Amino acid sequence: MKNICIIGSGYVGLVTAACFADLGNSVVGLDVDEGRIANLRRGVLPIYEPGLEELVERNVRAGRLSFTTSYDEAISKADFAFIAVGTPSDGDGAADTHYVEAAAQGIAAAMRTSLVVVNKSTVPIGTGDWVASIIAKHKHNGNHFAVVSNPEFMREGSAVHDFLNPDRVVLGSEDRGAAEAVASLYQPLSSPVLVTDLRTAEMIKYASNAFLATKVSFINEIAAICEQLGADVKEVARGMGMDRRIGAGFLDAGIGWGGSCFPKDVKALAHAASVHGCHPQLLRSVMDINRDQRRRVVQKLRSALGGLDDAVIGVLGLSFKPNTDDLRESPALEIIHLLRHERAIVQAYDPVTAGDVPGVNLCADSYEVARGADALVIATEWNEFKQLDMQRIRELMRRPVLMDGRNIYDPASMRSLGFVYRCIGRGLGHGLAEAVTATQPTGIATALA
């Protein structure tokens, strides 16, 4: 059993603390937000994440997990101090690291023994060296410390599973012994461990998220082409995914990516590249395509309804993805903003998120959202939306326009129910020959017929 301090009790910090405690360690969760710590001590979590509440409760009851606002209490006996604080984007797109700086200073002031400091937050390349310099400058004794980069690869909505079943554990340090000490914490998980230098480990995190965001934007660009040429992007993605070189993951066309990671990480990597003399044109295009997906939904609604002024638009789903209550960079919220800018009336429902959304009438369920609506937008692919009584939904609506932003319904079934069905990248019923006829010489169309 090791003594571990986790600084930050958000998505990454709280999941990391609970999971390390469940592996038999003594873990203290540290956060400067007194209200958050008071709630955690009462068993009230600041986030929704499947399985996390039970994990926290079990380990608090077993005495392996506790929470505090005191650096002295959390650090003085710790063998490891994980920094898992937020690194939001600043106005230029760079990662804001002032929370990381505050954590490093707090560690330096409180450390009483030798300590391994682990950067779990997603931080700009070079932050590990910077954290080491801060601790060296502010510590009050000669105790040895080392800094290890240990980027997280947990998906919101399945973070507990991802922590306990990692594809790999990445560790970066200039101190091999410190990296191996951190690796020992993950030994019960029997996962592959990759040890690199600090900056390479930091870069692996950014490159991984940027690549996944690129896959999503790529399939969304293909979806736009499919619509014009009469192809079905779902089948295109299926065929692509069967190629082991490509893989099926992150090839679902829709309204784009959001959340706390992809937007800020792609932006931060592009910013760092620009500052250091590179030209990150691919990353910029990935972000541009993602923004365009929201606008395309609004354009489709405007076309189907003949205008959005005073139209009642129902939105199903507010969180950026299923199985989380996270609204950060949510595509649904951006679509709502664009709709309200065109004077549409918006009513919405989300199975978990219950907070206020300015200018939006939040409803008790999906059927209330559909009542009197001129159009219905599927913005988040929650499972319960796949099981709705769509005949009842159709009867409740004023006009039967269904904008399926996540391609979760069968187009033919929806049209048979009387919906004016719109989706992303499914050029259904057109066929290649028909699509080519409108744009190519007659000979080519005849050859294809």
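Buried means under 20% relative accessible area, exposed means over 50%, and partly exposed lies in between (1.4 Å probe, protein chains only). This is a predicted model, where local features need pLDDT of at least 70, side-chain atom pairs count only at pLDDT 80 or more, and totals for chains, interfaces and linings use all residues. Residues are numbered from 1 along each chain as its sequence is written, and side-chain values use heavy atoms, with hydrogens and water left out.

**View 1. R112 and D72 form a salt bridge.** A salt bridge is a side-chain nitrogen of Lys or Arg within 4 Å of a carboxyl oxygen of Asp or Glu. Here the closest N and O atoms are 3.8 Å apart. The pair links distant parts of the chain, 40 residues apart. R112 sits in the loop between α5 (98–110) and β5 (115–119), and D72 in helix α4 (residues 71–75). Helices (H or I, at least four residues) and strands (E, at least two) are DSSP runs, numbered from the N terminus. R112 counts as partly exposed because its relative accessibility is 46%. D72 counts as partly exposed too, at 45%. The structure holds 23 salt bridges.

**View 2. D243 pairs with R245 in a salt bridge.** The closest N and O atoms are 2.6 Å apart. D243 has a relative accessible area of 23%, so it is partly exposed. R245 has 77%, so it is exposed.

**View 3. E381 and R406 meet through their side chains in a salt bridge.** The N to O distance is 3.3 Å. The partners are 25 residues apart and link distant parts of the chain. E381 lies in the loop between β12 (375–378) and α15 (390–396). R406 lies in the loop between β13 (401–404) and α16 (411–416). E381 is partly exposed, at 27% relative accessibility. R406 is buried, with a relative accessible area of 15%.

**View 4. A network of salt bridges links E156, D326 and R328.**

**View 5. The largest nonpolar core has 41 residues.** A nonpolar core is a set of buried Ala, Val, Leu, Ile, Met, Phe, Trp, Tyr and Cys residues joined through side-chain atoms within 4.5 Å. F20, L52, F82, V182 and Y186 have the most contacts inside this core. Helix α1 (residues 11–22) gives the largest share, nine residues. A second, separate core has 33 residues, including V297, A311, I335 and I424.

**View 6. The second largest pocket holds about 930 Å³ of space.** On a 1 Å grid over the protein atoms alone, a pocket is an open set of points with protein on both sides within 12 Å along at least five of seven lines; a cavity is a set where a 1.4 Å probe fits but cannot get out; lining residues have an atom within 4 Å of a point. Grid points are joined across faces, edges and corners, and a volume is the space filled by probe spheres set on the points. The largest share of the lining, four residues, comes from α1.

**View 7. The largest cavity has a volume of about 40 Å³.** Its lining consists of N119, S121, T122, V123, S149, P151, E202, K205 and Y206. Helix α9 (residues 198–229) supplies the largest share, three residues.
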